[in-house]
Structure formats: structure tokens, C-alpha cells
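Me: I want to learn how to read a model feature by feature. Please take me through this one, general idea before particular case.

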Amino acid sequence: MKLSKYIVTSSYNDKVLLFSTLSRTIIALPIKYKEYIEKKADLTLIFNESETSYLVKHNFLVDKNQNETEEVLKGFKEYQKKQDSDVYELQITPSANCQLGCDYCGQKHTKQKIEPFNEAKILSHIEKRINTLGSKYLSVQWYGAEPLTAMTSIRSISSKISEFCKQNSVTYMSNIITNGVLLTEPVFFELTAMNVTRFQITIDGNKNEHDKRRFLKNGGGSFDRIFSNLLSICKSTFLTQMFIL
Ligand code: SF4
């Protein structure tokens, strides 16, 4: 057994906290186990059978040979197949690049972006799917690598999609998964004007823990920059909901 790569750890007083991003479960262990966890030692040596089975059930421990990244990607593809026909959901990856080099990232980053001629193909795909499914809603998720490294493509594609939806009485909604590094206040407002109503920004624990895992490729942590972007957005707008997981 090995510790899942999708665990975020943090210390609080005399406890070490483990959060499984797959099962969304958090456990608190005595601080004496911190060293085992940092060294990624075999935790089955310190837990009894029923504790081990709890940890396996909630994705803290996985089989030594398990390829977790492959399984996450497979689960994601299965989720995509189960789409409600009333709402056509589409994920667009405008950039294959990212400024961060997170230790658990399963992607290969390149400088590739969507070429303008491919924008027409995306539009034609949306048109065909909406007509076939008879969908009344279109939901686009901007996803990456890091989508905000291709803001020009997001602008251009968004404006074409909005125009198409207006002409075809389709309600357009959008959301983005971003690392938050480029999510400055002006970018946030520009995105909201393009119908982006939900922002999912990953912060892996406190500054210390986050910077250990989500560091900039050119050196240094990313926590301060992301946190300062979020603070300035919170100060200048009225957010209806903010979830911190
Ligand atoms: S921010 Fe996302 S895409 Fe970029 S390195 Fe981290 S996990 Fe990978």
C-alpha cells in the first residue's frame, strides 16, 4: 500500500491533517505520524486492519501498483458521457501550458494554444451537438493545463459562442478551473462579462503546504500571488458564494 498522491497534508497544533481530494474526507492523526507521512512510509505498518480498510475506502491509501492518474482520467471521461441532453456541457482547453509545476500534475505542458482555424471547428461541433440533442442550455468549462495563459482564445471563442447562443435561443453559462495566478481583478471582471459565473481555484492548504506542492516552474511559491488576487477580487465585488474545500 502507498499514500495516495491526491492527499494534501497540513499540521495543526499536535495533529497532522490529511485531506483526500478524491473522497473529500479529512482525518486528523497524532503529530508523531507526520514523519511517516512525509517519508511516504507504508502506513499499514502503523494502523490495524479496520483503520487500514477505512483509509483505503476513503482513498488515503492505494495499492502500490495502482496508477491513480489513469483512474482519475478514466472516471472523468465516464462522467462526460453521462450528460443530460437538456444541458450540453463542453470542456474547452484553450492552452496546453501552465506556469506551475505541481508535484501531482498528470499533464505534459507545451506552448500549444487553439489556432484560430480550430475555433470554427469548435463552433461547428457545438452547433451540431445542440441541434442533435435539442439542448436549451450550453455550459462551457474552461480547463487546462492553465486556461488563463490563453486569454486571447477565451475572448475570441466566448464571443462567437455567445453570438451563436443568442441567435438560437440557447442559454449560455460558463465556469473556469484555474490555478489563480493570472486571475487579477481586471481579468476576473472581464471573465464575468463573458458569462463565467463560477471559478474553481485550487489552494492546497496553508502557504507552507501549498508552496511545497504548487510551485512556479521558474522558482518560488504561488500562494501569495493567488491569495492577493483573491483578496482584491473579494474587496471589489459581492460574491454570492465562496467555497473553501
Ligand atoms: S496548476 Fe494544474 S495544470 Fe498547472 S501544474 Fe498544477 S495541476 Fe498541473
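Me: How far apart are the C-alpha centres of domain 1 and domain 2?
Reply: Start with the bounds, which come from an automatic or database domain assignment. Here they give domain 1 (2-62) and domain 2 (83-236). The two C-alpha centres lie 32 Å apart. Keep in mind that this is a predicted model, where local features need pLDDT of at least 70, side-chain atom pairs count only at pLDDT 80 or more, and totals for chains, interfaces and linings use all residues. Residues are numbered from 1 along each chain as its sequence is written.

Me: How many residues of domain 1 are in contact with domain 2?
Reply: Take contact as two C-beta atoms, placed from the backbone, within 7 Å. By that rule five residues of domain 1 meet five residues of domain 2. The side of domain 1 that touches domain 2 has two nonpolar, two polar and one charged residues. For those classes, Ala, Val, Leu, Ile, Met, Phe, Trp, Tyr, Cys and Pro are nonpolar, Asp, Glu, Lys and Arg are charged, and the others, Gly among them, are polar.

Me: What are the overall dimensions, and how many helices and strands are there?
Reply: The C-alpha trace spans about 60 × 40 × 35 Å along its principal axes. The protein has eight helices and nine strands. These are DSSP runs numbered from the N terminus: helices are H or I with at least four residues, strands are E with at least two. Among contacts between residues at least 6 apart in sequence, 64% join residues at least 24 apart.

Me: What share of the residues is buried?
Reply: Count the other C-beta atoms within 10 Å of a residue's own, all placed from the backbone: 20 or more is buried, 12 or fewer is exposed, and in between is partly exposed. Of the 245 residues, 21% count as buried.

Me: Which residues touch the most other members of the largest nonpolar core?
Reply: In soluble globular proteins, nonpolar side chains tend to be buried together. A nonpolar core is a set of buried Ala, Val, Leu, Ile, Met, Phe, Trp, Tyr and Cys residues joined through C-beta atoms within 7 Å. In this model the largest core has 19 residues, and Leu138, Val140 and Trp142 touch the most other members. β6 (87-92), α4 (116-133), β7 (137-142), α5 (151-167) and α6 (185-193) each give two or more residues to this core. Another core, of nine residues, lies apart from it; Leu3, Leu18, Phe60 and Val62 are among its members. Back in the largest core, look at leucine 138. Leaving out residues up to four places away in sequence, leucine 138 touches Tyr88, Ile126, Ile130, Cys165, Val170 and Tyr172.

Me: How do β3 and β4 run, and how many bridges join them?
Reply: Strands pair if DSSP finds at least two bridges between them. β3 and β4 (residues 25-30) have six, and they run antiparallel. Serine 20 stands opposite threonine 25 in β4. The two strands form a hairpin with four residues between them. Arginine 24, in that turn, has a positive phi of about 55 degrees.

Me: Where else is phi positive in a residue other than glycine?
Reply: Most residues other than glycine have a negative phi, and most peptide bonds are trans. Serine 169 has phi near 50 degrees. Serine 169 sits in the loop between α5 and β8 (171-178). Asparagine 195 has phi near 75 degrees. Asparagine 195 is in the loop between α6 and β9 (196-201). With 18 other C-beta atoms within 10 Å, asparagine 195 is partly exposed.

Me: Where does aspartate 14 lie, and what does it touch?
Reply: Aspartate 14 is in the loop between β2 (7-12) and β3 (15-20). Aspartate 14 has 9 C-beta neighbours inside 10 Å, so it counts as exposed. Beyond four places in sequence, aspartate 14 touches Pro30 and Ile31. Aspartate 14 and isoleucine 31 are 17 residues apart in sequence, yet 5.2 Å apart C-alpha to C-alpha.
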